[in-house]
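Please read it alongside the sequence and the structure shown here.

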Amino acid sequence: MKKITISHIEKLKAQGEKFSCLTAYDATFTEVISDAGVDMILVGDSLGNVIQGQETTVPVTLEDMEYHIACVANASPNCLILGDLPYMSYSTPEQAYETAAAVMQAGANMVKFEGGQWLYDTITGLTERGIPVCAHLGLTPQSVDALGGFKVQGRDDKTASKILTDAKALEKAGARMLVLECVPSDLAKLVTESLQIPVMGIGAGVDVDGQVLVLHDMLGISPFQAKFTRNFMADAKGSIQDAITLYHNEVKEQNFPADEHRFE
C-alpha cells in the first residue's frame, strides 16, 4: 500500500467516499491500525486521558506529543499521521510555527489545533510555510473549562451559526481539513456540504466525510463510553485486529455512526 496523503483524503471527499481515522500513541497499535487499512492516525493530546490518566488534555506538553508522534512514525504506517498541537502552544502565529515545526519533525504529516477565526493568520502563515493544517471546531477539549464541561456544541441558532462561519473562515485561511466534535448531526451535514475541504467527525453523525474515534473508546476499554462511540471489540468477539478492521469497514460502508450515536 502507498502512503496516504492529504491529497488522497481530498480525493475521497470529491468521490463521495468516506475515510477512517483512529488515535494511536505507540508503534504496536500503529502497525495493527495500518494493517487494517485505516486511512489516518491521529496522535491526539487525548493521550493525556488514556495514557497519562489526566482528567483533561490541558497538562499534555509539546515534549509528550513529540515522543508519541515519533513512536507512531517509527512504525512507518501507510496512514496519514495527524499530530495535535498541545494546550497554549499556538497562542501566536510565531509560537504556532515553532510548535508545528517540532510536531512535523517528530514525524507528523499534518498538524491539528482547536479554535475559530482568531486562528486565521496562524493558519495562513503555516500554509505559506508548507505545513498542512487540520482545524477543530465544536467541542474543543482544551477549552473544556471555558465551555463548562464536555457538552454538545451548536444546539442553538447563535452557536450553530458561529461554527459554520468559523468553518468557512478557516477553510479560506488555508486549512486542508476540519474536525467537528460533538455537534448536532444536521449542523455537521450543513458544514460538510458548505466546505470543499474534508470534514472529519467525532460525535457529528454520518454525513461528514470521515470518522475519528479514540482507540481505547472503540475497543471498549475506556472507563466511560460516550454516546457517540461503539464497542467494536465486543462485536469482534474480543479480537483487537478484527475490531479495528470492523470499524474501518463500518465507516466506509456508512454503517457507523448509526442513529443512536447522533446528537440532535
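At 5% relative accessibility, Asp166 counts as buried (buried means under 20% relative accessible area, exposed over 50%, and partly exposed in between, with a 1.4 Å probe and protein chains only). This is a predicted model, in which local features need pLDDT of at least 70 and side-chain atom pairs count only at pLDDT 80 or more, while totals for chains, interfaces and linings use all residues. Residues are numbered from 1 along each chain as its sequence is written, and side-chain values use heavy atoms, with hydrogens and water left out.

**Salt bridges**

- The structure contains 10 salt bridges, a salt bridge being a side-chain nitrogen of Lys or Arg within 4 Å of a carboxyl oxygen of Asp or Glu.
- Asp166 pairs with Lys162 in one of these, with 2.8 Å between the closest N and O atoms.
- Asp166 and Lys162 are four residues apart in helix α8 (residues 157–173), which means about one helical turn separates them; helices (H or I, at least four residues) and strands (E, at least two) are DSSP runs numbered from the N terminus.
- Glu193 and Lys189 form another salt bridge, at 2.6 Å from N to O.
- This pair also sits within one helix, α9 (residues 185–194), where Glu193 and Lys189 are four residues apart, about one turn.
- Glu193 is exposed at 56% relative accessibility, whereas Lys189 is partly exposed at 32%.
- Arg230 and Glu250 form a salt bridge whose closest N and O atoms are 3.0 Å apart.

**Aromatic rings**

- There are six aromatic pairs, where rings of Phe, Tyr and Trp (its six-membered ring) pair if their centres lie within 6.5 Å, and planes under 30 degrees apart count as stacked, over 60 as edge-to-face and the rest as tilted.
- Phe232 and Tyr247 have ring centres 5.4 Å apart and planes at 85°, so they are an edge-to-face pair.
- Phe232 is in helix α11 and Tyr247 in helix α12, so the pair joins parts that are 15 residues apart in sequence.
- Phe232 is buried, at 0% relative accessible area, and Tyr247 is buried with a value of 0%.
- One aromatic cluster consists of Tyr90, Phe113 and Trp118.
- The charged end of Arg129 sits over the ring of Tyr97, 4.1 Å from the ring centre; the rule requires NZ of Lys or CZ of Arg within 6 Å of the ring centre and within 35 degrees of the ring normal.

- Thr140 lies in the loop between β5 (133–138) and α7 (144–147) and is buried, with 10% relative accessible area.
- Leaving aside residues up to four places away in sequence, Thr140 touches Glu114, Gly115 and Leu147, contact meaning heavy atoms within 4.5 Å.
- Ala160 is part of helix α8 and is buried, with 16% relative accessible area.
- Residues up to four places away in sequence again not counted, Ala160 touches Gly154 and Leu187.
- Ala160 and Ala70 are 90 residues apart in sequence, and their C-alpha atoms are 37 Å apart in space.

**Pocket and cavity**

- The largest pocket has a volume of about 820 Å³.
- On a 1 Å grid over the protein atoms alone, a pocket is an open set of points with protein on both sides within 12 Å along at least five of seven lines, a cavity is a set where a 1.4 Å probe fits but cannot get out, and lining residues have an atom within 4 Å of a point.
- Grid points are joined across faces, edges and corners, and a volume is the space filled by probe spheres set on the points.
- The lining of the largest pocket comprises 35 residues, and Asn49, Phe150, Glu181, Val214 and Asp217 lie nearest its centre.
- At least two lining residues of the largest pocket come from each of α3 (47–50), β4 (110–114), β6 (177–181) and α10.
- The structure has one cavity of 30 Å³ or more, and the largest cavity has a volume of about 30 Å³.
- Residues lining the largest cavity include Ile202, Gln211, Leu213, Phe228, Phe256 and His261.
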